[in-house]
Amino acid sequence: MGAFGGHDGRERRWTGLDRLESRNRPPRSLLVALALASITLITLDVSGEGASPLEPARRVVGEALGPAEAGVAAAVRPFTTVPAWFRSKGDLADQVRDLEASNAELRGQVELAGFDRNRLEQYDGLTTAAEDLGSALVPARVVALGSRQSQSFTVTIDAGSEAGIGPDMTVVNNDGLVGRVLRVTRSTATVLLVIDPDSTVGGRVGSSMEIGFVTGSGSLRQESGLDLRLVDDASVPSRDDTVVTWGSTTGPYAPGVPIGTITEVYSSLREASQRAVVKPFVDFSALDVVGVMVPSGMQSDRAVIEADGSLR
């Protein structure tokens, strides 16, 4: 048993493996020869003046292997370019999304260009109105119309007591008289329009300075007009004459605010009086930006247009 499976048997087995490995290992002299040959070729290639002595051999190898390299490159190119293709496709999709977003933004700007231009013109008009009226204005926007169930013509504006607005203040826009403030909250105010049937405004005819009372017609249409009755029944107003307010600085309507133009004059034999139809300057069906007349220097939570047109 010891002769076959003992320690001597294991030594013979490991000795056989060593012989097999040494048989597969190249001789050391061959490795030294290959290293010397490589060094010699490198030296010849570097030290050669002008063209390298190895250039003919390099050219032959290049001509022989070049077509094969080109074929292999063409064969594997579809596989090596797949990541770049996905990357470029993703970049293109991002660019398309960016362009679509830019186009949508530009479309919105174009669609709102007229709206923004009209609103800017109305704000500019308030500056002119403040100068013409000699009064400071708090700019505001119409945010709601009065309900039809109430049978009243009112609007709600987005400025209230914090903006320095109070009841019975005159409201105008860049065209003329809008109405007066009925009631206020901290951030809003309700305005009674001059077209309301319960609205009565003291008016003055520009050419004759005759005074009368302007009453609302109950219609948003400018063509429906306002009703003007002069105090002097014998006085006959003229067509195309301008009517302005003859109120006072302490009343609900400030003096000198344009109301409209006389379009028709009617005589009543029974009442022995003159009645005129006044077409308002303000288009009440398109109210947007308005200004509330306030004392100069009043504290406000927003910019105030002073009487000289400057902003405070």
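Because the model is predicted, local features need pLDDT of at least 70 and side-chain atom pairs count only at pLDDT 80 or more, while totals for chains, interfaces and linings use all residues. Residues are numbered from 1 along each chain as its sequence is written, and side-chain values use heavy atoms, with hydrogens and water left out.

Visitor: How are the rings of F213 and W246 arranged?
Guide: Rings of Phe, Tyr and Trp (its six-membered ring) pair if their centres lie within 6.5 Å, with planes under 30 degrees apart counted as stacked, over 60 as edge-to-face and the rest as tilted. The centres of F213 and W246 are 6.2 Å apart and their planes stand at 70 degrees, so the pair is edge-to-face.

Visitor: Is F213 buried, exposed or partly exposed?
Guide: Buried means under 20% relative accessible area and exposed over 50%, with partly exposed in between (1.4 Å probe, protein chains only). The relative accessibility of F213 is 42%, so F213 counts as partly exposed.

Visitor: How many residues of strand 12 are buried?
Guide: Strands (E, at least two residues) are DSSP runs numbered from the N terminus, and strand 12 covers residues 289-294. V289, G291 and M293 point one way from it, V290, V292 and V294 the other way, and all are buried. Strand 12 is thus mostly covered, the number buried being 6 of its 6 residues.

Visitor: Which residue stands opposite M293 in strand 12?
Guide: Two strands pair if DSSP finds at least two bridges between them, and 6 bridges join strand 1 (residues 136-145) to strand 12, the two running antiparallel. Opposite M293 in strand 12 stands L137.

Note on methods. Helices (H or I, at least four residues) and strands (E, at least two) are DSSP runs, numbered from the N terminus.
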